[in-house]
Amino acid sequence: FRFLLGNLDDFKDEEILPYSEMPELEKYILHKLSIIDAKVKDDYRKYDLKSVFQNLLNFSNLDLSSFYFDIRKDSLYCDSPKSLSRRATRTVLDILFNYLVSWFSPILCFTAEEVMKSRFPDNNKSVHELYFSETNPEWTNEILFSKWEKIRSVRKVVTGAIELERKEKRIGSSLEAFPTVFISSKEYFEIFNDINLAEIFITSQADLKEGDGPSDAFRLDEMEMVSVKCNLSIGGKCNRSWKILPEVGTDPDYPDLSIRDANVMREISG
């Protein structure tokens, strides 16, 4: 809730991005939200509060905090306020806020009330007077959901390889890593054709190759078709996004920033 409140500060209706214009990641999260919504409502009807709490805890920790929020931090903190990615993210955060505060209100009674008052101090209605929202049927997209579940399974291997590098003190943050991902499955390989690898893996750079990786590459038993070799990112470190890129230093106005960040700073400074 702290993350949501901080990143929804000054959010206005004109910033809302239509579903049709959203990136796939946002559509995936909205599909996931629809699944959780159906489970939570059904469990509340049955008074199965243990199941409600477990589903909400897993959704908050696994799908949001360690996946969606983690990936979209860069867009929230560094993209232009006018960018589609940032607008899409804030639109989805607003939707998530409304559902989460309602879902949790019977369990975290006082916290939910405080969260609602923090965001809407002029609203005199208690969170406990609100009804659960109905999900938009447009959010259901089984094909996209299946695709992103596969992407997440590959990402799990990359994350494991990066964590091993950190454990061995070869890198500090994931932005210092340059993973090369080998995928022997044609189906899985083709999924990544239109995906920004570095964005999803939370690295500065990334590469994808079809086929089996070298014998010393990192692997997980449950994903034998994926292997990862980690090298160090190449280039200078952007002082705004902390990404390590060869382009850092090429902008004469902002020699310590990447091209993206330099353009955003120009926009902000007018």
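This is a predicted model: local features need pLDDT of at least 70, side-chain atom pairs count only at pLDDT 80 or more; totals for chains, interfaces and linings use all residues.
Me: Which kind of pair do the rings of Phe1 and Phe104 form?
Reply: The two ring centres are 6.0 Å apart. Planes over 60 degrees apart count as edge-to-face. The planes of Phe1 and Phe104 stand at 75 degrees, so the pair is edge-to-face.

Me: How many residues apart in sequence are the parts that the pair of Phe1 and Phe104 ties together?
Reply: Phe1 belongs to the segment before α1 (2-7), while Phe104 belongs to helix α4 (residues 84-104). The pair therefore ties together parts whose separation in sequence is 103 residues.

Me: Is Phe104 buried or exposed?
Reply: Buried means under 20% relative accessible area. Phe1, at 27% relative accessibility, counts as partly exposed. Phe104 has 7% relative accessibility and therefore counts as buried.

Me: Which kind of pair do the rings of Tyr68 and Phe69 form?
Reply: Their centres lie 6.2 Å apart. Planes under 30 degrees apart count as stacked and over 60 as edge-to-face, with the rest as tilted. The planes of Tyr68 and Phe69 are at 50 degrees, so this pair is tilted.

Me: Which element gives the largest share of the lining of the largest pocket?
Reply: The largest pocket is lined by 24 residues. The elements that give two or more residues to this lining are α3 (49-78) and α8 (197-201). The largest share, eight residues, comes from α3.

Note on methods
Residues are numbered from 1 along each chain as its sequence is written. Side-chain values use heavy atoms; hydrogens and water are left out. On a 1 Å grid over the protein atoms alone, a cavity is a set of points where a 1.4 Å probe fits but cannot get out, and a pocket is an open set with protein on both sides within 12 Å along at least five of seven lines; lining residues have an atom within 4 Å of a point. Helices (H or I, at least four residues) and strands (E, at least two) are DSSP runs, numbered from the N terminus. Rings of Phe, Tyr and Trp (its six-membered ring) pair if their centres lie within 6.5 Å; planes under 30 degrees apart count as stacked, over 60 as edge-to-face and the rest as tilted. Buried means under 20% relative accessible area, exposed over 50%, partly exposed in between (1.4 Å probe, protein chains only).
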